Amino acid sequence: MPVGTLFPPLPLASKMLGPCSITVSVKSSSSLRFRNSQASIVSCDYSCFEVRDVSYRPPGTQHNLLNGVNLSLPEKSFGLVFGRSGSGKTTLLQLLAGLNKPTSGSIYLQRYGIDGQPNQCPELLPPERVGIVFQFPERYFLADTVFDEVTFGWPRQKGGLALKEQLALRLQTAINWVGLSGISLDENPHSLSGGYKRRLALAIQLVQIPDLLVLDEPLAGLDWKARVDVVKLLKHLKDKLTILVVSHDLNELSSLVDRSWRMEMGGVLKEEPLPVSGGTLTL
Ligand SMILES: Nc1ncnc2c1ncn2[C@@H]1O[C@H](COP(=O)(O)OP(=O)(O)OP(=O)(O)O)[C@@H](O)[C@H]1O
């Protein structure tokens, strides 16, 4: 892919850097698409996020919340975990995001060749490569402006111009990806609509350009209009990164789903494709 010049037309860049220009190179990517475990186009090597024989028991407790969980999610695909309340879905997302460590088993990234065989040693998945959006993320907004909210966790130490350029570019990319570019960066996050608050919560994670984005109940608590809005946004993001969602909203998300699993009570995960159309699934 050609090298392109993205700056300046971006208001964000001038907010962070003052007038300047920045050059970025864009890497080409493979065009893998999976639907219910079937790879429809495989044009080159690909990677999968893999959970292998993971069990989890919180420190000081007697029972496992997860038991021998296995999951494989190809890059740039959309996975859904569903199941009854209390079965262990959020616990699994927390392990993927590195908030807790598995008691046994491992979570890693595995590269495969065109023949479907692993072609490298598995790489452990560093927590900073995973973005997590919790249920009702707007409850955790802290800042008075959209700009401060998105940049809240950024390094405050003096960085060179190169670091600032990199951060500005990531910020602009995240804002564009979630469709927030029409909103003033000085807007108070709490004054945004429900759907826009969810967009902002996604942007906060996307500035890190994670390899894997995990979302806990992304439609919970939204009105119908905002739900449609968030589903459209997830469809758009699906082309850019790998997404794993925990949700009870199977019908609304089914058109996005490439792979799905049911978490059974006791933390046992089983792959279960969603009905292709018209069918209903019970939790
Ligand atoms: N630190 C902990 N110590 C003991 N039990 C815990 C701990 N964290 C969660 N649990 C219990 O583990 C079970 C699984 O919780 P988890 O939040 O993962 O379920 P869930 O499937 O995401 O539920 P929901 O759909 O209601 O969000 C629940 O019974 C919960 O009470």
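## Exercises around Leu96 and its surroundings

Leu96 touches Ile107, Val130, Leu212, Val214 and Leu244, leaving aside residues up to four places away in sequence; touching, or contact, means that the C-beta atoms, placed from the backbone, lie within 7 Å. The model is predicted: local features need pLDDT of at least 70, side-chain atom pairs count only at pLDDT 80 or more, and totals for chains, interfaces and linings use all residues. Numbering runs from 1 along each chain as its sequence is written.

**Exercise 1. Find out which residues of helix H2 are buried.**

Step 1: Take the terms. A residue is buried if 20 or more other C-beta atoms lie within 10 Å of its own, exposed if 12 or fewer, and partly exposed in between, with C-beta atoms placed from the backbone. Helices (H or I, at least four residues) and strands (E, at least two) are DSSP runs, numbered from the N terminus.

Step 2: Apply them. H2 covers residues 89–96, and six of its eight residues are buried. These are Lys89, Thr91, Leu92, Leu93, Leu95 and Leu96.

Step 3: Look just past the helix, where Gly98 has a positive phi of about 80 degrees.

**Exercise 2. Work out which element gives the most to the shell around the ligand.**

Step 1: List the shell. A residue is near a molecule or strand if its C-beta atom, placed from the backbone, lies within 6 Å of it. Around the ligand are Pro58, Thr61, Leu65, Gly83, Ser85, Gly86, Ser87, Gly88, Lys89, Thr90 and Thr91.

Step 2: Assign the element. H2 gives the most, with three residues.

**Exercise 3. Describe how strand S11 is enclosed and paired.**

Step 1: Count burial. Five of the five residues of S11 are buried, so the strand is largely enclosed by the rest of the structure. Leu212, Val214 and Asp216 point one way, while Leu213 and Leu215 point the other way.

Step 2: Find the partners; strands pair if DSSP finds at least two bridges between them. S10 pairs with S11 in the parallel sense over four bridges, with Gly131 opposite Leu213. S11 also pairs with strand S12 (residues 242–246) in the parallel sense, over five bridges; there, Asp216 has Val246 as its bridge partner.

**Exercise 4. Decide where the positive phi of Glu217 occurs and whether Glu217 is buried, partly exposed or exposed.**

Step 1: Recall the background. Most residues other than glycine have a negative phi.

Step 2: Locate the residue. Glu217 has phi near 50 degrees and sits in the loop between strand S11 (212–216) and helix H6 (224–238).

Step 3: Classify it. Glu217 is partly exposed because it has 18 C-beta neighbours inside 10 Å.

Definitions and conventions
Contact = placed C-beta atoms within 7 Å.
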